[in-house]
Amino acid sequence: MTYEQRLTDFRHYVGTGGKVEATDWMPDDYRAGVLKFIEMHANSEMMGAIPEREQIPHAPSLQRKMSLTAKVQDEVGHSQLLYRIAEDLGKSRETMYLDLVNGRSKFHNVFHYPTRHWGDVAVIGWLIDGAALVTQAALLESSYAPYTRVLKRICAEEQLHLRHGEDITLELASGTDKQRAMFKDALDRWWLPIVHFFGPKSNVGKDLLLRWRVKTRTNEDLRAEFLDRYVPKILELGFSFPTPVPFEFEGHWVLREEDIDWAPLDAIKRNQGPETARRLELRRSTYEQHAWVRQALAEPATQVA
Amino acid sequence: MDVYEVFRRSGHKQPFEHCGTVTAPDSAMALLMAKECYLRREEGQYMWVTRRSDIHSWSDEALFEPAADKSYRFAHAYRDVVRKRELARRRAGQL
């Protein structure tokens, strides 16, 4: 069979809902595309643990401190699951680490921003995890089967994180004026990054990941689902939005494209976000400080007489 | 470092099921990693790990295609029971 025939068969296979395993034949572009996508997801879980980790010392109670710590551990765990399946596509963990800290690979825009106080934990836990869950649930239908199996587990834990974040939000929203102001301040700072989170409008004709059903829905479609689901809930709690302000149109909550300022997202794509350098430096120094652990683990246990 | 396949079972009524993979230098460490990754919320009480290289599979899945019609192995080969029972009942009436 020629390469062209194999490629045609593969396109037809994934185009009609076929699932691909790590050991199956796949076009080089598919392998590279899936690897890049999963690696970016893994990087985001790893780097996403850092902003919330910053707030662990500021938790208002021991219970909140323990639950936030567990959540941060879950996120690091997700990155381990994802790096593991990315490795099976042919890139070593060491190289993925080096590409991350040297800015050759990416992580999600929302993790390039600073956290200021406990209100940020509410917004991250409820709205950013909510946004992540919308995108990850859509990926459960992805054509790359090992990814969907890991995502099943990740989505189950993200559901829990969402409850955790909503619980913190409701505590602040039903609290004192100062507590409500904390949530509002965090919402004002995070709203635009959350809108950016889904990415600019998909180019359906050019996006190979969409064509090969690695992704099954467009960015704008996922953003629309998020707005419909969360805007009414935020309004119900008596909070208002900064720009871009969502409004109701034909029974849906929508944003005007011209109200979205994409410049901050473009800067982050060049790894020039407000916290990019500091977070990558933290990742690098942590990785280096823990070198002795990896070294100790890499050697099989020896019998002590 | 080797890749280990991880299996877990919850209780005695279900079989062991594959739940993922870990990278580890030996089986003891693989079990520890597997516990951290796949038993975080009481998802099972039993766990196996085995080196990926120790798992054997068919290189060609086309070999799973049955060589001949073996529909008699399935319940759907034995339909039309009502009509068949009626025939038997009629035959019994002739005795």
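**Figure 1. Contact between helices H2(A) and H3(A) in the predicted model.** On the H2(A) side, the residues that meet H3(A) are A:Leu35, A:Ile38, A:Glu39, A:His41, A:Ala42, A:Glu45, A:Met46, A:Gly48, A:Ala49, A:Glu52 and A:Arg53. Their counterparts in H3(A) are A:Leu68, A:Lys71, A:Val72, A:Glu75, A:Val76, A:His78, A:Ser79, A:Leu82, A:Tyr83, A:Ile85 and A:Ala86. By class, this contact of H2(A) with H3(A) comprises twelve nonpolar, four polar and six charged residues.

**Figure 2. Axes of helices H2 (residues 28–53) and H3 (residues 62–87) of chain A.** The two axes come within 8 Å and cross at roughly 160 degrees. H2(A) is therefore roughly antiparallel to H3(A). The crossing of this pair, H2(A) and H3(A), is left-handed.

**Figure 3. Helix H1 (residues 3–15) of chain A and the residue A:Gly17.** H1(A) has 13 residues and spans 18 Å from its first C-alpha to its last, close to the 18 Å expected at 1.5 Å a residue. Just after H1(A), A:Gly17 adopts a positive phi of about 90 degrees.

**Figure 4. Contact of chain B with chain A.** Nine residues of chain A are in contact with eleven residues of chain B. On the side of chain B that touches chain A, strand E2 (17–24) and helix H1 (27–38) of chain B each supply at least two residues. E2(B) gives the most to that side, with four residues. The residues of the side of chain B that touches chain A divide into six nonpolar, three polar and two charged.

**Figure 5. Confidence along chain A.** The mean pLDDT of chain A is 95, and 98% of its residues reach 70 or more. Within chain A, confidence is lowest in helix H12 (residues 291–298), at a mean of 88, and highest in helix H7 (residues 177–197), at 98.

Conventions
Residues numbered from 1 in each chain as written. Chains lettered and ligands numbered in written order. Predicted model: local features only at pLDDT ≥ 70, side-chain atom pairs only at ≥ 80, totals over all residues. pLDDT = per-residue confidence, 0-100. Axes fitted to C-alpha atoms, helices over the stretch in contact; angles between N-to-C directions. Parallel < 35°, antiparallel > 145°, perpendicular 65-115°, else oblique. Left-handed = near helix turned anticlockwise from the far one by under 90°. Contact = placed C-beta atoms within 7 Å. Nonpolar A, V, L, I, M, F, W, Y, C, P; charged D, E, K, R; others polar. Expected span 1.5 Å × (residues − 1).
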